[in-house]
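This briefing goes through surface, helices, backbone and salt bridges in turn. Please have the sequence and the coordinates open while reading.

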Amino acid sequence: MATETHGTEAGHAADGLADATGVATHSADFAGMPQLNFDHWGNQIFWLLITLVVIYFVLSRIALPRIAAVLAERQGTITNDLAKAEELKRKAGEAEQAYDKALADARAEAQNIIAETKAEIAAELKLATDKADAEIAAKSAELEAAIAEIRASAMEHVVEVARDTAAEIVKVLGGNADAAAIDAAVAQRTKG
Amino acid sequence: MATEAHGAEEGGLVFHPMDQFIVKPLFGGSDVGMFTITNATLWMFIAVVAVIALMVLGTSRRAIIPSRSQSIGEMAYGLVYKMVEDVAGKDALAFFPYIMTLFMFIVMSNFLGLIPLSFTTTSHFAVTIVLALLVFVTVTVVGFVKHGTKFLGLFWVSSAPLALRPVLAVIEVISYFVRPVSHSIRLAGNLMAGHAVIKVFAGFAALAVVSPVSVLAITAMYGLEILVSFIQAYVFTILTCVYLKDALHPSH
């Protein structure tokens, strides 16, 4: 720093320092800097130190602890809220899982019921079919028997008619119908 | 004040950009003694009031969701706190109130100095040199208290070749002692220059022809000065942290 040259300047100014005009003249000089008027340094330094001490005590005793507390509290609140949100999220997830599980259970039960019903229906159907089959078989056996009977009686009638007819024909021809011969002839003819 | 002579010289234009920095007694009288209440005293007092208003009254509601003033207070706190923690390390947090005091005083004074007709206390070397010396003395004392003579290892660059070390040591010592000078002159110089330039432009505004340009230039400079006010406070604070880091962890 140019303290040496300045010292002389200040000394020069000190001549007229008793009155403020001297100081002002010195300071108002375009090249002169009021900053380098060392006569005012003591005053500025004194008040500066007081200012700094006051600010230091205000900050360190009141302002900074308070702001630190507020920030800590806010951090705590945020952390709490985050934890709460996490908890709620977990609960929501659990609820979703429970819902999914209930849905799956319901679906499985529905499948069971469907399978059961199907089996039941199938069993019933089988039973009914069997019964119907049996009935049909009985009926057709009955009909078969009836047909056989009809056929047998028809054959008997044919034989009887043939015998009667043969006897009549023989009689018309003037023969004497031998019943046994006719029977044998009819039996032979109807056999084929 | 001797303005007449000056005005005549400039041919109608009146330039005294440095008048705004003159320290004057506030309540009459002409002598500026040690305890005289001056305009510097007044604006330091206003800075104290502003700091209290922001940091104490602004945060008085201790709201979880901060009001605007509380937000600003918290931002200032967070800015400096993080700076101290990041730059100087966790163990430097003991000095946080001290650094916060410097930052709040400088930033408040800088901004108050931008009010028209105000007095910029931080544009005075008397103020900034004291601030810088406080840092210098603190850092040096802390260094020696914490590390004893090992603190001198700061000047002995053990990573350099042995032959270079004495040379580097001389350079390191010089740079160490230049620190408070650059630290203080940077702050006062920036503010003084900006304010003086604004005053020069204001002087030109007396000429009707150039006054629109001049007013525009003042506006632009004012915007720049707002930036400078904050940045210089920030720079002063971060350098304080850097110096403190050297004291706490002197190994290179």
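Chain A has an accessible surface of about 13,700 Å², and 63% of that surface belongs to carbon and sulfur atoms; accessible areas come from the Shrake-Rupley method with a 1.4 Å probe, and for residues only the protein chains shown count as cover. The model is predicted, so local features need pLDDT of at least 70 and side-chain atom pairs count only at pLDDT 80 or more, while totals for chains, interfaces and linings use all residues. Residues are numbered from 1 along each chain as its sequence is written, chains are lettered from A and ligands numbered from 1 in the order in which they are written, and side-chain values use heavy atoms, with hydrogens and water left out.

**Chain A overall**

- Chain A holds four helices and zero strands, in the order α-α-α-α along the sequence; helices (H or I, at least four residues) and strands (E, at least two) are DSSP runs, numbered from the N terminus.
- Of its 192 residues, 18% count as buried (buried means under 20% relative accessible area, exposed over 50%, partly exposed in between, with a 1.4 Å probe and protein chains only).

**Surface patches**

- A:Glu156, A:Glu160, A:Asp164 and A:Glu168 form a patch of negative charge on the surface.
- Patches are made of residues with over 30% relative accessible area and no salt bridge, like charges being joined within 9 Å and nonpolar side chains (Val, Leu, Ile, Met, Phe, Trp, Tyr) within 5 Å.
- Lys and Arg count as positive and Asp and Glu as negative, whereas His and the chain ends are not counted; a charge is placed at NZ of Lys, CZ of Arg, CG of Asp or CD of Glu.
- A:Asp164 belongs to helix α3 (residues 41-172) of chain A and is partly exposed at 46% relative accessibility.
- In chain B, a nonpolar surface patch of about 580 Å² includes B:Phe111, B:Tyr222 and B:Leu224.
- Helix α7 (residues 211-248) of chain B gives the most to the nonpolar patch, with six residues; B:Tyr222 lies in that helix and is partly exposed at 31%.

**Helix span and backbone in chain B**

- Helix α5 (residues 125-147) of chain B has 23 residues and reaches 32 Å from its first C-alpha to its last, close to the 33 Å expected at 1.5 Å a residue; the expected span is 1.5 Å times one less than the number of residues.
- B:Arg62 is not a glycine, yet its phi is positive at about 50°; B:Arg62 sits in the loop between α2 (39-57) and α3 (68-88) of chain B.
- B:Leu117, also a residue other than glycine, has a positive phi near 70° and is exposed, with a relative accessible area of 88%.

**Salt bridges**

- Over all chains, nine salt bridges are found (a side-chain nitrogen of Lys or Arg within 4 Å of a carboxyl oxygen of Asp or Glu).
- A:Arg90 and A:Glu94 are bridged with their closest N and O atoms 2.6 Å apart, and both lie in helix α3 of chain A, four residues apart.
- A:Lys126 and A:Asp130 form a salt bridge at 3.5 Å, N to O; they are about one helical turn apart because four residues separate them in helix α3 of chain A.
- B:Arg179 and B:Asp246 form a salt bridge at 2.4 Å, N to O.
- This pair links distant parts of the chain, with B:Arg179 in helix α6 (residues 165-204) and B:Asp246 in helix α7 of chain B, 67 residues apart.
- B:Arg179 is buried at 14% relative accessibility, and B:Asp246 is buried at 15%.
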